[in-house]
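Hi,

Here is the structure I promised to pass on to you. Have a look at it first, and then read my notes below.

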Amino acid sequence: MTASGPGGSIFDLGYQSYTGPRLGRRSAVRALFSQTIRACFGIGRGGRAKIAPFGLSALAVLPAGLAVGFAALAAQAGPAGGAIENASPIRYETYHGLVAILIMLFCAAQAPELFGRDQRYGVLPLYFSRVLTRPDYALAKVFGLMLALFAVDIAPYLILFVGRVFVAPDPATGLAEEIAALPRFLLQGVLVAGLLGGIAGLIAAWTPRRAYATATIIAVFIIPPIIVAIVAAQTSQDLARALVLFSPGDILDGTNAAIFGSIPDSPVVASVNLPGWAYLAAAAVGIVGSIGLTVRRYVRIAT
Amino acid sequence: MTVMTPLIEVTLRGLLGRRRTILLALLAGLPVLIALLIRVSGGRPDADRILDTLVVRTVMPLVALIVGTAAIGSEIEDGTAVYLIIKPIARWRIAAAKILVAAGLTAVMVIPAVVLTSLLLGRNDMTTTLVGFTVACFVGGSAYAAAFVALSLFTTRALLLGLAYVLIWEGVLSGLLEGTKFLSIRQATLGLAAALGVDVPGEPLAAGVSVAVLATVLVGAFALATWRLARFEIRGGD
Amino acid sequence: MTASPTAPAVVAALEVEHVSRWYGNVVAVNDISFGLGGGVTGLLGPNGAGKSTLLHLMAGLLAPSAGRVLVEGASAWRRPEMYRHVGLVPERETVHGFLTGREFAALNARLQGVADPAGAAARAIATVDLTEAADRPIGTYSKGMRQRAKLAGALVHEPRILLLDEPFNGMDPRQRLHMMTLLRSMAAEGRTILFSSHILEEVERLADSVLVVYAGRLAAAGDFRSIRRLMTDRPHTFTVRSSDDRRLAAALMADASVFGAELVSGHVAIRTADYDAFTRALPRVARDGGVTLFEVRPTDDSLESVFSYLVRR
């Protein structure tokens, strides 16, 4: 609509306002959730952002890949090969010990990016002035991180699983042999992703500066097991028994042993002799608690 | 030489912000706290174990990492490094000042913890433990700090890389591959402690090799930092 | 278009010789050459033109991918001694926030090896008019105060060459005027001052000569009025008010130097390709036609028109 007068003119540039349907809150949450997962792996940002997540994921699946390769070769070698394969240190129940530290590094690398950047650049008001509520934001971020961690955690187990099914004399028997492990490692994966992701997210939400967040996350994961080991070796078992349930690394070691019915990696966890359900309960409390505290942080943050 | 003083001062003041100091104090105080706990609960005194697992393997590299990557890394990240670079100061002086502060701060944090833990939980060989671990942590901590200062001049993700080195390489891999034991500052530190009489579990690195490794890291980090500072580029805004 | 940009022929304190700088596929600075002597030079260009990159190249903070930068005869890259005579005020806002203004100036003085750091700092702080707030941490400063603190830090060692990257960012008009006066007085002492800006009025008001960069290339160099005169393929426009506009316009159209004459209410707008010939022809034509001239004004002799012409070529 062009209008002109003696003093000036307004030109019609064809601007139109959007009159179409507006996707609601659920869409917004889903968009943030998927963006969080992509950010975990550095997708959508330059190559440098992908080095840490993909590097760590590659390291995590490497032993599984190797194990499947050896199993395939061993199957060719007949019964002697079977003996070798059974002696392999890379199995479902031992894999947690191999992969735990990598998941912890993954958390330390990515959680500060997910939770810290929005705070540091002051874009939280942009999010909160939308149909997205504050708990929505926090939950979408936390669950995004957890899902990404879950994927990285179970990838090697899946490779082992599929590999062993096909290496068996025929897939049907292979499946029957291996199927018992499937719900087990899925459950352990949920606990690992939930506990480590929840704690890392909580720390990152409270510590916007990247370096501090990374250092604190790593400290919280690797220091408690050492302290528990010292306390167990040098003081009473009761004290160690209480402290063990405050150490995320040991809790997950305990749940792994409980789920697979195996001997725990950590000698402390083995000596402390707590029933399996204690670890599972501690993990559950840790997961729910950290999610709750993270939501609380964002509900009360000043923008 | 007097130009080093302001460099050291401004680096120290920058490093000892409230949050960072609290984090460092917590980390350094942890071994002492545990030692106190054990002492008070009448547990078995074994300073060596705490000093080995908690200090040398964990607290010392973490403190050196936080301090070393921030000594010049935080200035590069927030853009204040330029004010040090556009000065007529030889690049080796800048490198030396940064490494001195990082190593010194690491020592100031870690050594008292070592001493207190040894005093609280030492056995009959307490003097050996105290002296052995003090010297080893002084040299080893300085080596870590120097290495991380140099690393922070090459990448903005020095903290993460340093963590991966300490946790993955020193923690897992070099344990698996026997031949690479000498490529680990941790093993060199423990080897030095063993050479001074401390009872270190496993097979520690030989004394000569340990000293050589630590010296190489210290000198190499200083040389690398100087080299890199001379060629350090700072991009403009647009 | 046929006239190439020539730099003023003075003894150059700073020489830029065929300097280029690229990052992978992106060329930030493309074959730029000029020399700087005393006085104030303005580096003008839109955002992304490469002004900051050029300044950092001159300050020895970047290595040229091609060509060389000479400061007082020697290479600027990897020569820290040159900073005794060179001061830089970078664009980035952050300064050590925990230092007070005075401490920051004193730090710079001590790192420069100045004989009396405290005195030099006090002088620099007074020069930039920051004495009142000098003992508060820089973290509490406003943007304009931070700029002044940065400038104080660059002045403590009384450099012969001063490079400023967008120094007037965030300054209110009074502060801007103050800093302009300061820079002009420093230039009068014989120092070489180069400042970058994307705001035409600042450059027009302060700079003795101008370097126009656009998309990494040097579009023009020198006094902007002379540049305007060199732009032969674009007519000058004049606004003339007279006693008989129509008669004047008709008479002017007969003159070879005039491209076009347009009657606009109240005046004649004249387009001419030959500035000199027209300025001689106009009084003659007016006298011969019996027309009295009330006002003769060049309409586009401003930096803005020069600039918009240069960047649209």
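**What I found**

Leaving aside residues up to four places away in sequence, C:Glu202 touches C:Phe168 and C:Ser197; two residues are in contact if their C-beta atoms, placed from the backbone, lie within 7 Å. Before going further, please keep in mind that this is a predicted model, where local features need pLDDT of at least 70, side-chain atom pairs count only at pLDDT 80 or more, and totals for chains, interfaces and linings use all residues. Residues are numbered from 1 along each chain as its sequence is written, while chains are lettered from A and ligands numbered from 1 in the order in which they are written.

**Three glutamates in chain C**

Back to C:Glu202, which is found in helix H6 (residues 200-206) of chain C. Helices (H or I, at least four residues) and strands (E, at least two) are DSSP runs, numbered from the N terminus. Is C:Glu202 buried or exposed? It counts as buried because it has 22 C-beta neighbours inside 10 Å. The rule is that a residue is buried if 20 or more other C-beta atoms lie within 10 Å of its own, exposed if 12 or fewer, and partly exposed in between, with C-beta atoms placed from the backbone. C:Glu202 and C:Leu44 are 158 residues apart along the chain, and their C-alpha atoms are separated by 9.7 Å.

C:Glu72 is not a glycine, yet it has a positive phi of about 50°. You will find C:Glu72 in the loop between strand E4 (66-71) and strand E5 (74-75) of chain C, and it counts as partly exposed because it has 15 C-beta neighbours inside 10 Å. C:Glu158, also a residue other than glycine, has a positive phi near 45°. C:Glu158 sits in the loop between helix H4 (143-155) and strand E7 (161-165) of chain C, and with 17 C-beta neighbours inside 10 Å it counts as partly exposed.

**Chain C as a whole**

Chain C has ten helices and 14 strands. Its C-alpha atoms fill a box of roughly 70 × 45 × 35 Å, taken along the principal axes. Of its 313 residues, 44% count as buried. Among the contacts in chain C with a separation of 6 or more, 69% are between residues 24 or more positions apart.

How confident is the predictor here? The mean pLDDT of chain C is 88, and 95% of its residues reach 70 or more; pLDDT is the predictor's confidence in each residue, from 0 to 100. Residues 1-10 of chain C have a pLDDT below 50, and beyond near neighbours in sequence this stretch has 16 contacts in the model. For the complex, the predictor gives an ipTM of 0.88 and a pTM of 0.84.

**How the chains meet**

Which chains have the most contacts, among the two pairs that touch? That pair is chains B and C. Their contact takes 25 residues from chain B and 32 residues from chain C. On the side of chain B that touches chain C, helix H1 (4-15) and helix H4 (82-85) of chain B are the elements that give two or more residues. H1(B) gives the most, with four residues. This side of chain B divides into twelve nonpolar, five polar and eight charged residues. Here Ala, Val, Leu, Ile, Met, Phe, Trp, Tyr, Cys and Pro count as nonpolar, Asp, Glu, Lys and Arg as charged, and the others, Gly among them, as polar.

In the other pair, 22 residues of chain A are in contact with 27 residues of chain B. H9(A) gives the most to the side of chain A that touches chain B, with 14 residues. By class, that side of chain A has 18 nonpolar, four polar and no charged residues. No contact joins chain A and chain C, and their closest C-alpha atoms lie 13 Å apart.

**A helix in chain B**

Finally, helix H6 (residues 126-152) of chain B has 27 residues. H6(B) is largely enclosed by the rest of the structure, because 21 of its 27 residues are buried.

Enjoy exploring it!

Note on methods. The expected span of a helix is 1.5 Å times one less than its number of residues.
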